[in-house]
Structure formats: structure tokens, C-alpha cells
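Hi everyone, thanks for coming. Let me put the sequence and the model up on the screen, and then we can walk through them together.

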Amino acid sequence: MKKILIFSISLLCWSAAHGQVRFSTYSDDDLVLNMLGSGEIEFNWILPNETRSIGLGDEEMVVMSITGVEYYDVIVTIDAPDNLVLDGENVLAFTLNAAYANRGQNQVGDARLISGDVARFPIKGREGGQPPGPPPTPDYEGYTPPEATAYLFLYGTITAGQVHAGEYTGTINITVEYD
């Protein structure tokens, strides 16, 4: 069974001003993604030839919760641009980093870094070294499978060269699906 959830994130940054990330969502009934906090990555002011980073655990990072059937795995695909763009000649280099925590709490200390742009993990992680539990209860009318919540952390870095002041934009697409 595949259930798909898609998030589109618009990135905004102002050279010699500030930047932020804005979010919109699409959700399926069985898989829910929620934004926790303001839902904006706030880079603040950036000047030419400056680099600004928001790290894992920084107040400005974005946290999303993924709630679904606890014994399913999810595949998270992140499609982020390499640059935020003002126009064809003025770009800011952008690097998105991501991590997840699937121990049931929004704790950066439980985070596992996502390498690359795709991650597969169970919504509810097993505690250290425990073997898998018994097979899940088959679906039947009136049965509601148990749910759990995993957390996705988004943060990153922008670098300005010799660019003009203005609003720099880009879009991040995040797709979450059951496997």
C-alpha cells in the first residue's frame, strides 16, 4: 500500500536583508504531516560574500511531524535547489540538510542525519537492538491501526557572492510515502 504526502516549500532570501522558508501541504487521510512552530527557516540579513548557516537544533530550523501507522516505513524524498535565485545573474548558493527522529519525541538528540535526498525509516523506531515485534494485525472493518509520530528536521546554509540586493527564491519539494 502506498500513501503519498507532498510538501512544497518556497525559499526566500533577501541579499542585504533576510530570508525565510514558507510551507504548503498536501495530505492523505492515513499519513499526516504537520508543521511545528512558525514553519519558517529565518536566515536574517546576509551581505555579499557572506555565508549564513542554520544548524541542527538551532531555533530557526524547521520541524515537521509525520504521523501514520506505526509499523509502516516511510520514504522521504527531498528535492531542493542548489541556489536561491533573484535573476539569471544573481544567485545565492543553498544547501539543505535534513535529519529525522523516530523515537516518538521531538528530540534533536535522537536525530539521524539524512544523507542524500532520499531516506527510508520506520515511523516508530525500535529501541536499541530489539528484534521486530509480531506481525501487525490485519486490517478489518472497524479496526484502527496504532499510530506513531516521527519528526523531520530541516536546516541549511546560504552563501552570497557579489550579488545584488533583492528577494532570492527557490522551492523545496518533500514527498513522504508509505512503503
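This is a predicted model: local features need pLDDT of at least 70, side-chain atom pairs count only at pLDDT 80 or more; totals for chains, interfaces and linings use all residues.

Residues are numbered from 1 along each chain as its sequence is written, and side-chain values use heavy atoms, with hydrogens and water left out.

First, the overall layout. The chain has zero helices and twelve strands, where helices (H or I, at least four residues) and strands (E, at least two) are DSSP runs numbered from the N terminus. Reading along the sequence, you get β-β-β-β-β-β-β-β-β-β-β-β. Of its 179 residues, 40% count as buried. How much of the contact set joins residues at least 24 apart, among contacts between residues at least 6 apart in sequence? It is 76%, with contact meaning heavy atoms within 4.5 Å.

Next, the aromatic rings. A pair of aromatic rings is described by the distance of the centres and the angle of the planes. Rings of Phe, Tyr and Trp (its six-membered ring) pair if their centres lie within 6.5 Å; planes under 30 degrees apart are stacked, over 60 edge-to-face, and the rest tilted. Searching the whole structure this way turns up four aromatic pairs.

Now look at Y100 and F121. Why is this pair called stacked? Because the ring centres are 3.8 Å apart and the planes are at 5°. Y100 belongs to strand 8 (residues 90–101) and F121 to strand 10 (residues 118–122), so the pair ties together parts 21 residues apart in sequence. Y100 is buried at a relative accessible area of 11%, and F121 is buried at 1%. Before we leave the rings, Y71, Y72 and Y178 form one aromatic cluster.

On to the core. A nonpolar core is a set of buried Ala, Val, Leu, Ile, Met, Phe, Trp, Tyr and Cys residues joined through side-chain atoms within 4.5 Å. The largest one has 43 residues, and I66, V74, V76, L154 and I174 touch the most other members. The elements giving two or more residues to this core are strand 5, strand 6, strand 8, strand 10, strand 11 (147–160) and strand 12. Which of them gives the most? That is strand 11, with nine residues.

S65 is in strand 5 and is buried, with a relative accessible area of 6%. Leaving out residues up to four places away in sequence, S65 touches V32, L33, N34, L36, T149, A150 and Y151.

N102 lies in the loop between strand 8 and strand 9 (112–113). N102 is buried, at 4% relative accessible area. Its C-alpha atom is 6.4 Å from that of Y151, although N102 and Y151 are 49 residues apart along the chain. With residues up to four places away again not counted, N102 touches F121, P122, I123, K124, G125 and A150.

R103 is found in the loop between strand 8 and strand 9 as well. Is R103 buried or partly exposed? R103 counts as partly exposed, at 27% relative accessibility. Beyond residues up to four places away, R103 touches D110, R112, G125, R126 and E127.

Terms used:
Buried means under 20% relative accessible area, exposed over 50%, partly exposed in between (1.4 Å probe, protein chains only).
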